[in-house]
Amino acid sequence: MSFDSSGREAGGFVPSRRRFVQGLAFCGAAAGLGLWPKSGWALKSPGQPQVLSGTEFDLVIGETPMNFTGQTRTAITVNGSLPAPLLRWREGTTVNLRVANALPAGSIHGHETSIHWHGILLPANMDGVPGMSFAGIHRGETYHYRFTVQQGGTYWYHSHSGFQEQAGLYGPLVIDPLEPEPFSYDRDYVVMLSDWTDLNPAQLFSRLKKMPGFDNYYKRTVGDFMDDVRGDGLKATLADRKMWGQMRMTPTDLSDVNANTYTYLMNGTTALGNWTGLFRSGEKVRLRFINGSAMTYFDVRIPGLKMTVVAADGQYVHPVTVDEFRIAVAETFDVVVEPSGQDAFTIFAQDSGRTGYVSGTLAVREGLRAPVPAVDPRPILTMTDMAMDHGSMGHGGMDMSGAGKGMEGGCGASMGMAGMPQAPAPSASNPHAGHDMPAAQGPMAGMDHGSGMQAHPASETGNPLVDSQAMTPTSRLDDPGNGLRGNGRTALTYAMLRSTFDDPDGREPGREIELHLTGHMERFAWGFNGQKFSDVGPIRLNYGERLRIVLVNDTMMTHPIHLHGMWSDIEDDEGNFLVRKHTVDMPPGSKRSYRVRADALGSWAYHCHLLYHMEAGMMREVRVDE
C-alpha cells in the first residue's frame, strides 16, 4: 500500500483504520435499519435499498442516523433511505407523488422541505423550489406532485430547501422511454456519486464564509518554486508567482470543500463498502452515472475498460468511446461497457482536486475487488485556465508582461481592463441593460468579435464582490479540464458530445442575454454580474421566444449552471447546435452559449449547482410570461 504526503492511501486494498471503521460503521447502520437490498432492478449493494416504480408514490422525508466515518450523524432521508429510493417512471404516464414532511421538531435541518425533479419538464408549481414556484412543505404537511412525464432517460431528484441536499436528500430517477433506445445492453445499473460531511451543513457554510481556504492543504511550497525554476526558468517562475500574488489567489485552490472534509459515497456507501454490480463475461452493461454531490466534481474511469458514452443529462448522444470523463455536480452520463477477460473491474471516481476518491466494483460475483489506482497528481491552475495566459492570444490568452501596472492593489474589476468599453449600468427597472441584444448571426454567434478582449457589465466595476475578470475567454469545449490534459487517457469533452437529433426548435434566437459568473474568493461571495440573488429582480422571457444565453466565467472556479423547466441547447464555436443538456458546466475563464426555448410559463430557478455558491448568491429567477 502507498500513501500520499498527508498519509492517505494512494492505492491498493489495505484500508487505513479510519476507512475500515467507515465501512464497518455503514454496514452496521444499514443492517440495524433494515436497509439491506431486496432483489430488484440493477442494484446489488447496500447503497440503494429501494426501487419504486409505477405511477403512485408515497415518499416520507424524515431523519435517520447514519455512520460513514465512525461518528453517527443525522441524515435527511426519504423512506429511511440514503440515497433516496430509485424512482422508475415511464414516458407518457401521469405520476402522482405524495411527499410528506416528517422532520422532527427542533431538527437542525429546518422545519420546511421540498423535492425538485432535476431536469424534468413540468408545470412551475410542480418544480419544487420554495418561495419561487410553491410554498414548500411544512412539518406535518403532505404535498401532492402530479404531472405527465414528457421525456425518458437518467435524471435525479433532491431537496431545494436550505442545505438538505448536502445532508442526504437526493435520489436517482430513471424514466423508461416510449421508443426503443438506439443502443443495446444486458444489465443496467445506477451509479450515484455524492459527498458526505459529519459537520452540520449550516456550520460548514459559516466556515466557508469565514475561512474559505480551510480545505486547501496543498498550497505551493519553496520546493515547488525550485522545481518550477528548474523546469521553466527563474524569470518565468517569478512572473507567475507575482501574478498570482497580485490577484491574492492560489493556483491550488481548485475546490472549496474536498476530501479533507468530505467522505465520498457511491450509491450511499464508502469505498470500503464496495458497491458491486454483477456481470457475466461478454455482456454489455449500462452504467447511469449521476453526480448528486453538493460541491464535488468527479473524474471517473474503469481501468481496463473503455466506456462508450450514449447519453448526457438523459438525452441520447452519438456514441463516443473514452477512457475517462469529468462529471460536474448535477450532470448525468450514461455509458455502456463490455467487461471481459477478468473477474472484476474497479469503478474509480476521484475528486477533481485529487484529494480523495470513492470506488466500487463490477464483478462476476459478490466479494471480489480489482486493484484501485492511485489518486492522480495534484493539478495546478494556470493563467490559461483563467483566460489570462502569459503567452500568445492564439492560446486563448494575452501578453501579461505589463500586467502589474493595471493590477496594483489586487485584481478587482480593474485587472487589465483599463480602457475597456463598459456596458450601460443596470437599473432597477432593467437589471440586464447592456446584456440583452439582437442575436448575433453566422460564425461564432454569441462570441465577441471586436478587439478580442471581453467586455464586462458595469455592475462589476469597482465591485467589492468581484475579485477577477476573464480577459480573453474561449468556449473551451474541446478541453477535458484541468488535471485531465495529457495524462495518456482519452477524456471526454463537450465538443465530443453531439445529440442524436437536430435542433428541436430550428429557429434562430431572436435576442441574446449575456451573464457573467462572478465571485470573491476571500469573501466567499458569488453571483451573476457581481450581484447576489437578493439584490436583483428576475430575468424576464417572453413565452414561446427562442433566445441565446451567453455565460462568461470571470472566476477561477468551475460552476455547473442549471436552468429549471427548460432545456439548454449548447452551441459549438460556429454557433451550431451541439448537444442538449439541463446543466451546463462552466470552467474557469470560459465563455459558452446555448439556446433556450421559453416554453414553460411561470417562475424558474437559474443557479450554480454548487450548493454553497447558490446559497451565497449565485442564483437568479427566470420569469416566463405571456
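Modeller: Two strands count as a pair if DSSP finds at least two bridges between them. The structure above is a predicted model.

Biologist: How many helices and strands does the chain have?
Modeller: The chain has 626 residues, and 62% of them are buried. Its accessible surface comes to about 22300 Å², with 53% of that belonging to carbon and sulfur atoms. The count is five helices and 34 strands.

Biologist: What pLDDT does the chain average?
Modeller: pLDDT is the predictor's confidence in each residue, from 0 to 100. Residues 1–48 stay under 50, and residues 390–435 also stay under 50. In the chain, 74% of the residues score at least 70, and the average is 82.

Biologist: Is Leu 381 buried or exposed?
Modeller: Leu 381 is found in the loop between strand S22 (357–363) and strand S23 (436–438). A residue under 20% relative accessible area is called buried. Leu 381 has 5% relative accessibility, so Leu 381 counts as buried.

Biologist: Which strands are the edge strands of the open sheet of four strands?
Modeller: The order in this sheet is S3-S2-S5-S9, with mixed pairing. An edge strand pairs on one side only, and the two here are strand S3 (72–78) and strand S9 (142–148).

Biologist: What is the average twist in that sheet from one strand to the next?
Modeller: The strands concerned stand in the order S3-S2-S5-S9. From one strand to the next, the twist averages 20°.

Biologist: In which sense do strand S5 and S9 run?
Modeller: Strands of a sheet pair through backbone hydrogen bonds, either parallel or antiparallel. On one side of S5, six bridges join strand S2 (residues 56–67) to S5, and these two run parallel. Between strand S5 (residues 94–101) and S9 there are seven bridges, and the sense is antiparallel.

Biologist: Which backbone oxygen lies 2.8 Å from a polar atom of the side chain of Gln 164?
Modeller: Gln 164 sits in the loop between strand S10 (153–158) and strand S11 (170–176). It is buried, because its relative accessible area is 1%. Its side chain reaches the backbone oxygen of His 109 at 3.1 Å. The backbone oxygen at 2.8 Å belongs to Glu 112.

Biologist: Which residue in S20 is the bridge partner of Ala 312?
Modeller: Six strands make up an open sheet with mixed pairing, in the order S13-S12-S15-S20-S17-S18. Its edge strands are strand S13 (263–266) and S18. Within it, strand S17 (residues 307–312) and strand S20 (residues 332–337) are antiparallel over four bridges. Ala 312 has as its partner in S20 Phe 333.

Biologist: Which residue's backbone nitrogen does the side chain of Asp 323 reach at 2.8 Å?
Modeller: Asp 323 lies in the loop between strand S18 (315–322) and strand S19 (324–327). With 16% relative accessibility, Asp 323 counts as buried. Beyond four places in sequence, its contacts include Val 300, Ile 302 and Arg 489. The backbone nitrogen reached at 2.8 Å is that of Thr 490.

Biologist: With which residue's side chain does the side chain of Asp 323 make a polar contact?
Modeller: A polar contact here is a pair of N or O atoms within 3.5 Å. The side chain of Asp 323 meets this at 2.8 Å, and the partner is Lys 306.

How values were computed
Residues numbered from 1 in each chain as written. Predicted model: local features only at pLDDT ≥ 70, side-chain atom pairs only at ≥ 80, totals over all residues. Heavy atoms only, no water. Buried < 20%, exposed > 50% of the residue type's maximum accessible area, 1.4 Å probe, protein only. Polar contact = N/O pair within 3.5 Å; in protein donor to acceptor, adjacent residues only side chain to side chain. Contact = heavy atoms within 4.5 Å. Axes fitted to C-alpha atoms, helices over the stretch in contact; angles between N-to-C directions. Areas by Shrake-Rupley, 256 points an atom, 1.4 Å probe, with all protein chains shown as cover.
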